[in-house]
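Please look through the sequence and the structure before reading on.

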Amino acid sequence: MAGKSTALRDRLTAGTPAPPATRAGMPPLVRHLLLALAALAVIVALTFVVDPFTNVRLATVGYYLIAVAGLTLLTGFNGQVSLGHGAFMFIGAYTVALLVLHVPSLPFWADLLLAAAASGVAGTLAGAAAARLHGPYLAGATLALAVGLPAVTQRFPELLGGSNGLAFTVNSRPAALAGTIPTPQWQAWVVWTTVLLALVVLANLTRSRFGRTLRAVRDDEVSAELAGIHIGRTKILAFVLSAVCGGLAGGLQAFLLGTAAPGSFTPVLSLSLLAAMVLGGIGSMWGALWGALALVYFQAWSEDLTHALELGTDIANNLPLAVYGVVLIVVVLAFPQGIQGGVRALRTRLSRLRRTEEGHR
Amino acid sequence: MNGFLALTVNGVATGAVYAALGLSLVIIYRATRVINFAQPALALISTYLAYSVNKATGSYWLAFAVALVAGAILGALTERLLIRPLRNRTELSPVIVTLGLLMVLQAVAGMIWTNEPQSFPYAFDFRGMFSSSNLFTVLVVLGTAAGIGLLFRFTALGLRLRAAAFKPEVARMLGVRVGLMLTVGWALAAAVGALAGLLATPPFLFPTVLDGVFVYALTAAVIGGLDNPAGTVLGGFAVGIGLSYVSGYLGPELVTVAALAILVLVLALRPNGLFGHAVARRV
């Protein structure tokens with residue numbers, strides 16, 4: 001795809017680039033774990049200096065990040081389009097809600113694991129269907145999932161709370177921290193620890209043999225099959241992994257908000273996840289971070305803008321949706337590589353600059 | 001109202017609407033291999049314009065005409081401004097751009113006409129088991145489908161449209177203005193989409209009113225083979241009747257999930273749709 005050809009061009013024009021020496025010698029898993037630890041340290045430090053409101057926002061970025069990262073694995077690395085990833089968040093959120101309400105003795109991490117497992121099962125079903133569909137067919141089927149699934153809550157109002165959804169409180173904070181650490185701060189820690197762990201797994205997978213298999217299937221199914229890759233199994237596995245990420249995101253959202261309601265999982269959610277992925281840059285896990293940040297801050301800015309300009313509620317309610325839509329169109333038409341593409345170009349230019357300087361010396 | 005006959009009749013009327021919107025997807029898919037995810041939004045804006053015209057003038061039929069013309073213009077603009085620059089891009093690009101347009105137009109509709117439901121009139125009396133409005137819907141959709149079939153098969157314009165869609169290089173050499181034909185195809189499709197919007201919307205119009213209809217129309221088009229207008233019309237009626245039974249016997253909340261199940265089942269058994277194969281051979 002386009003990203004690859006630019007990378008190739010950069011490599012050709014830049015002469016023979018030195019292999020990234022800093023990365024040599026350290027196994028990816030160790031490097032990713034260290035990176036995650038560093039990131040967690042930064043975030044924990046950050047939670048102490050910012051106000052509670054920003055702590056909630058920080059946690060929001062976290063759960064969007066893992067949802068978008070899952071979508072990146074599916075679409076960016078494996079070439080399958082999903083317009084229904086909000087449905088997996090829905091499953092994750094409702095699993096956590098039901099467990100907290102009906103099995104209160106379970107610890108929260110077990111709730112989260114079960115939420116991930118439930119989405120994984122749903123992802124297996126969706127993936128098995130998806131493996132036979134491609135392009136527009138898959139897009140249509142996943143869109144139907146996003147439109148249809150939230151309505152199931154109306155079907156079982158006693159269990160799922162109808163259109164009001166379920167409300168609950170998660171008591172996950174250890175007693176020792178109860179007096180000292182405020183809730184939003186603790187929530188941000190829980191969310192980011194989960195997200196970073198999941199990201200380590202994802203980052204490792206995408207760099208492994210499995211990652212190459214994913215990309216081989218994306219780039220050319222026939223050649224991949226000739227090379228002995230089981231296409232269907234690979235596609236299903238990609239779907240399951242990304243559904244698990246979606247489920248985790250939904251579970252974390254439920255944890256953060258203390259509610260699970262069908263109104264939070266409209267098709268717009270699925271489409272904004274897609275918008276975030278496209279904006280961040282489809283082919284890269286870093287893109288997921290930019291996308292998640294954009295998702296949260298577009299919302300925040302449009303709220304600020306509404307207050308500042310005193311826009312009417314009709315405009316204010318629809319502003320984020322309009323922004324996501326415009327972003328999708330502009331990015332695809334003008335910057336198909338997204339933000340991460342820009343970051344990459346900047347880095348290439350900087351390293352080229354450095355090399356020419358060294359040459360002059 | 002839950003009698004078998006009532007459900008069937010109701011299914012025929014809603015199925016006609018799915019057939020119309022499905023038809024608009026198929027016309028575009030045949031010409032450009034793009035699924036226009038913005039189709040419900042183009043129809044939505046057209047229907048809102050009809051709503052405003054109807055409110056201002058009191059004339060349903062003037063509003064009806066305005067919606068069709070507005071639909072055609074919106075379709076042509078979409079092709080020219082958004083889809084044409086994406087030639088030679090990946091399959092994903094038009095999907096994302098049309099989704100972006102869907103979001104923008106839904107938001108714009110909400111900004112101008114609010115997210116609250118507005119009452120939107122039926123063409124004729126809608127009371128009774130098979131009302132005049134139902135009859136009108138079925139007749140208009142069948143008439144439109146037949147008209148499009150005749151246009152494609154028996155007119156010079158139809159021949160050019162088909163040539164531009166299937167063999168653009170050859171068509172260009174023979175003097176067909178391929179670009180213009182693509183624009184005409186989009187305009188035509190979006191006008192049919194606007195028609196579907198007018199027929200699907202009553203009694204209430206709100207920005208997400210066509211989301212479900214779109215999913216069912218897509219199901220109809222996929223069952224029909226995405227390439228086959230006649231199959232899509234049949235698919236539309238089949239989906240309409242099938243979902244009417246689901247709604248009546250199992251519950252209206254399960255209709256979208258049922259549509260998804262039908263979609264997946266059909267594609268798993270016949271990846272090109274139920275009627276997909278014959279057409280590939282004919283053309």
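Both A:Phe88 and A:Phe239 are buried, meaning under 20% relative accessible area with a 1.4 Å probe and protein chains only, where over 50% is exposed and in between is partly exposed. The model is predicted, so local features need pLDDT of at least 70 and side-chain atom pairs pLDDT 80 or more, while totals for chains, interfaces and linings use all residues. Residues are numbered from 1 along each chain as its sequence is written, chains are lettered from A and ligands numbered from 1 in the order written, and side-chain values use heavy atoms, without hydrogens and water.

**Pair in chain A**
- Over all chains, the structure holds 24 aromatic pairs (rings of Phe, Tyr and Trp, the last by its six-membered ring, with centres within 6.5 Å; planes under 30 degrees apart are stacked, over 60 edge-to-face, the rest tilted).
- A:Phe88 and A:Phe239 are edge-to-face because their ring centres lie 6.2 Å apart and their planes are at 70 degrees.
- A:Phe88 belongs to helix α4 (residues 85-102) and A:Phe239 to helix α12 (residues 231-257), 151 residues apart; helices are DSSP runs of H or I with at least four residues, strands are runs of E with at least two, and both are numbered from the N terminus.

**Rings in chain B**
- B:Trp61 and B:Phe124 form a tilted pair, with 5.8 Å centre to centre and 50 degrees between the planes.
- B:Trp61 is partly exposed because its relative accessibility is 41%, and B:Phe124 is partly exposed at 39%.
- One aromatic cluster is formed by B:Tyr60, B:Trp61, B:Phe64, B:Phe124 and B:Phe136.
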